[in-house]
Amino acid sequence: MYEIVAFYLFSALTIGLFLITVMSKNVLYAMTSLASGMVLISGFFFILGADFLGVVQLIVYVGAVMALYSFAMMFFDATRDIKERNTNPALVFLLGGLSALVLVLMFAAPIHSEAIQALYPMHEGVGNAQDVGIVLFTKYLIPFEVAAVMLLVAMIAGIILAGKKMDQSLTEDTSADDEILTQKDAK
Amino acid sequence: MIGLSHYLIVSALIFSIGLMGVLRRRNLLMLFFATEVMLNAVNIAFAAFSHYYNDLTGQMFAFFLIAIAASEVAVGLGILIVLYKKYGSLDLDDLASMKG
């Protein structure tokens, strides 16, 4: 009973919040609704018994990714509305609606479930975090290490890309300085 | 009773919302938000499969997906800052410099 109520509540709220994310003109509203939608998605994971995944979702997505986005928004002018030229909104809605229909029909189709066997079955009486740890550090050890190297590469790339010329302000008008610089070059 | 199909349909709807955002957005930052929505939709589907087939593989893939999303954000935001320094705008139409 609680599961049904929670499922419908979470799904209605997430779909609404993500619609705000996609439709809103304001970056701040879009980011806030995206963060709250991600919190509610971790609720789905808790209903599904994937406790560790839910906690990771909360820490990594809501904690790290959203903090990174909000830091990035400080570089850009986030307060003004975004003016976007939409070439053909009707076409976009048609394509989005059609893809939604196709995906829903695909997923609603009956699944031939006898042929599917669990590769790494969950154990009874063992916590989800323990189960995940055993599988992750035995069967998925090499992908885990590769993911660690990938995160290191991404960190270095982020520092190198964003770290150049950090002493200059992005939003202030620096064209005057540029003119002075070009005059110096001309001399 | 909530079955696997319920979760898959919600996941498909959220994925379509993200796809619609990717199609209609012209601002790069908002485009990143839409891709995050799509990645989260796939995560729901993985967790639902993992629960209903009693298999941990789905959760493993969801973990790696989260790692990939985190590194995508780090690199993507770095590129975004470089583009903003160079062009002073994040509009995709302004950034289109290749005429094909």
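Trainee: Which residues make the nonpolar surface patch of about 660 Å²?
Mentor: This is a predicted model: local features need pLDDT of at least 70, side-chain atom pairs count only at pLDDT 80 or more, and totals for chains, interfaces and linings use all residues. Residues are numbered from 1 along each chain as its sequence is written. Patch residues have over 30% relative accessible area and no salt bridge, and nonpolar side chains (Val, Leu, Ile, Met, Phe, Trp, Tyr) are joined within 5 Å. The patch is made by Leu91(A), Leu94(A), Leu95(A), Leu98(A), Leu101(A), Leu105(A) and Leu23(B).

Trainee: Which helix gives the most to the nonpolar patch?
Mentor: Helices are DSSP runs (H or I, at least four residues), numbered from the N terminus. With six residues, the top contributor is helix H4 (residues 89-108) of chain A.

Trainee: Is Leu95(A) buried, partly exposed or exposed?
Mentor: Buried means under 20% relative accessible area, exposed over 50%, partly exposed in between (1.4 Å probe, protein chains only). Leu95(A) has 41% relative accessibility, so it counts as partly exposed.

Trainee: How many aromatic pairs are there over all chains?
Mentor: Rings of Phe, Tyr and Trp (its six-membered ring) pair if their centres lie within 6.5 Å. Planes under 30 degrees apart count as stacked, over 60 as edge-to-face and the rest as tilted. Over all chains, the count is twelve.

Trainee: How are the rings of Tyr7(B) and Tyr52(B) arranged?
Mentor: Their centres are 6.1 Å apart. Their planes stand at 50°, so the pair is tilted.

Methods: Chains lettered and ligands numbered in written order. Heavy atoms only, no water. Patch = residues over 30% accessible without salt bridge, like charges linked within 9 Å, V, L, I, M, F, W, Y side chains within 5 Å. Areas by Shrake-Rupley, 256 points an atom, 1.4 Å probe, with all protein chains shown as cover. Salt bridge = Lys/Arg side-chain N within 4 Å of Asp/Glu carboxyl O. Helix = DSSP H or I, 4+ residues; strand = E, 2+ residues; numbered from the N terminus.
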